[in-house]
Amino acid sequence: MRTPRQQLRLYRLLVENSLGLMCIHDLDGNLVTINRAAVESLGYRLEDGFGQNIREFLAPSVRHLFDAYLERIRANPVDSGIMHLLAKDGTERIWFYRNVRYEEPGSPIHVLGHALDITERIKAERALAQSQADLAKARDELELRVAERTAELREANERLRSEMQRRQNIEEELLRTRKLEAVGRLAGGIAHDFNNLMTIIVGYCESMRSATGSSPDLQREVSEIYKAAQQANSLTRQLLAFSRRQKPEADLVDLNDVLTDMSDMLRRLIRDDIEVTIRTDPALGPIRANRGQIEQVIINLVINAAQAMPQGGKLSASTRVDEGWSWLSPGRERQPFVCLTVSDTGIGMDPEVKARIFDPFFTTKEPGEGTGLGLTTVYGIVKQADGHIAVESERGKGSTFQLYFPLIERTIETEAQPPRVFRPPTCGTETILVVDDQEGLCNLLCEILRNNGYSVLGAPNGREALRLLREHPGRIDLVITDMVMPEMGGRELAEALRRVQPKINILFMSGYMDKVEDVRALVSCDHAFIEKPFTPEALLHKICDVIATPTSSLHGEREKAS
Ligand SMILES: Nc1ncnc2c1ncn2[C@@H]1O[C@H](COP(=O)(O)OP(=O)(O)OP(=O)(O)O)[C@@H](O)[C@H]1O
Ligand SMILES: [Mg+2]
């Protein structure tokens, strides 16, 4: 059995060595006792002297709250909460306390204080909260960056896609152009000889016409030959149209006029079970193209549309102005276009067919029904006029062809020029030297000219022509020469002739339209050129023109140029 004294000693030791923070103070805050743990928590040693009143241990920021605490503990048996204290090194410590008022009859009232130092826990909690806040901020920033980067990537992707589309368009254009060039070379190769033959046929038809005046039957038959020959001519032109060799004269063309003028013909061309609507936009401006070719384009598109509607349907052709079309090259400056639309409610096309429609000789029609050159021709003509074609079509849902041509602003210069007036052929006394390697054509030309009163010399090549020029006793007023001949071409011959007779008049003829450029380089006016095939009448007009307005001297031009 322990004595009460021993018991008391044990309790004191228990309190003094407890890890919990303990103290006893009176109702004014004066310290009665404090244990080691509490003192050391504030950085003091129990042996050191320290303050007498709890108030002195409080952090300055909360000292003004101490009176309120004393009032609470005087009124209530228990008070608990957070207390901020000032350690010896000036730092702040945070205690969670629970103080109990103890009263005993006959003794002064005391307060038994128990506390836990939660400074480190609070610091850890604050650090955790801070790092959570930092984390949230970093996450928000990251999300923002990701969103920005995604937008940038999307934009770059979009740019890449449109660049790829542009390149694909260009590649397709290039491929088509190459195919056209290949077919063009083929067409150009035969066109020269073909044109010569057609000139002979047309020429002899003309002379037969006058010779058969008394026989209406013969006249009719010759007319038929003549008509067939004209059709053959237009076929050659069609072949040449998509070969780059032919670049016909381009004029200002009003698509509204063309459509209106063609409307009767188009309606006759297609069957009654197809309803035709033609709409023209009055605000339309002109385009620069060859009117004949534009008619050819419209006919091809309309025939295709009609062929796509074997059970009948609706066909519409219309014009409109498109203010800013930039299909070929996205991002390029917008430019006004004149748009010609031909659409039908016919069978439409699969994507595979649609991808090949402009290919030369591509056709889905039965053998003998289509050559597959219709749209190739359309394509060639539209490209020559710096235009574009857009096709929309789906199987069973009809097709729409939209042709875009650059709109030409009307200026005084572009206003219509007065048509050129031809003088009737009144010449026929001069001497003309005809040079052509095609014997039949050479003979025909000589005959036509002779029949019209000219004195004529014929030569099958340049060498012979030069010999005739030197040896002919009289004056030679005009030389008519083919441009393309073996050994010595028209250009070389002209130079050689002018070395002999500098002011000699020369008229060039060729079936290759690109030779126009060559001729222009040789003479200053373009009327010294005639395109094969030509009619005798056209040739006679041309000869009169050339003789009346002599071509300027080759040497003179050279001197001026150098
Ligand atoms: N309006 C259209 N509707 C449906 N398919 C079309 C249309 N236009 C053209 N096509 C398709 O494009 C192909 C090529 O047309 P293109 O005009 O070049 O030749 P074609 O009509 O077959 O023969 P050609 O015109 O030389 O007589 C056609 O065979 C057809 O399959
Ligand atoms: Mg066709």
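The following exercises, each with a worked solution, concern a predicted model.

Residues are numbered from 1 along each chain as its sequence is written, and chains are lettered from A and ligands numbered from 1 in the order in which they are written. Local features need pLDDT of at least 70 and side-chain atom pairs count only at pLDDT 80 or more, while totals for chains, interfaces and linings use all residues.

**Exercise 1. Determine which residues of strand 1 are buried and which strands pair with strand 1.**

Step 1. Strands are DSSP runs of E with at least two residues, and helices are runs of H or I with at least four, numbered from the N terminus. A residue is buried if 20 or more other C-beta atoms, placed from the backbone, lie within 10 Å of its own, exposed if 12 or fewer, and partly exposed in between.

Step 2. In a regular strand the side chains alternate between the two faces of the sheet.

Step 3. Two strands pair if DSSP finds at least two bridges between them. Strand 1 is antiparallel to strand 5 (residues 110–117), with six bridges, and Leu 21 has Ala 115 as its bridge partner there. Strand 1 also runs antiparallel to strand 2 (residues 31–34), through three bridges; in strand 2, Thr 33 is the partner of Ile 24.

Step 4. Four residues separate strands 1 and 2 in a hairpin, and Gly 29 in the turn has a positive phi of about 95 degrees.

**Exercise 2. Describe the open sheet of five strands and identify its edges.**

Step 1. The strand order is 7-9-10-12-11, with mixed pairing.

Step 2. Strand 7 (274–279) and strand 11 (388–393) are the edges; each has a single partner strand, so one side of each lacks a neighbour in the sheet.

Step 3. Strand 7 runs parallel to strand 9 (residues 313–322), joined by six bridges. Ile 278 has Ala 317 in strand 9 as its bridge partner.

**Exercise 3. State how many residues of helix 1 are buried, and which residues of helix 15 are buried.**

Step 1. Helix 1 (residues 4–17) has 14 residues, and the count of buried residues among them is zero.

Step 2. In helix 15 (residues 536–548), the buried residues are Pro 536, Leu 539, Leu 540, Lys 542, Ile 543 and Val 546.

Step 3. The buried residues of helix 15 fall within an arc of 165 degrees (taken from the directions from the helix axis to the C-beta atoms), so they line one face of the helix.

Key. Expected span 1.5 Å × (residues − 1).
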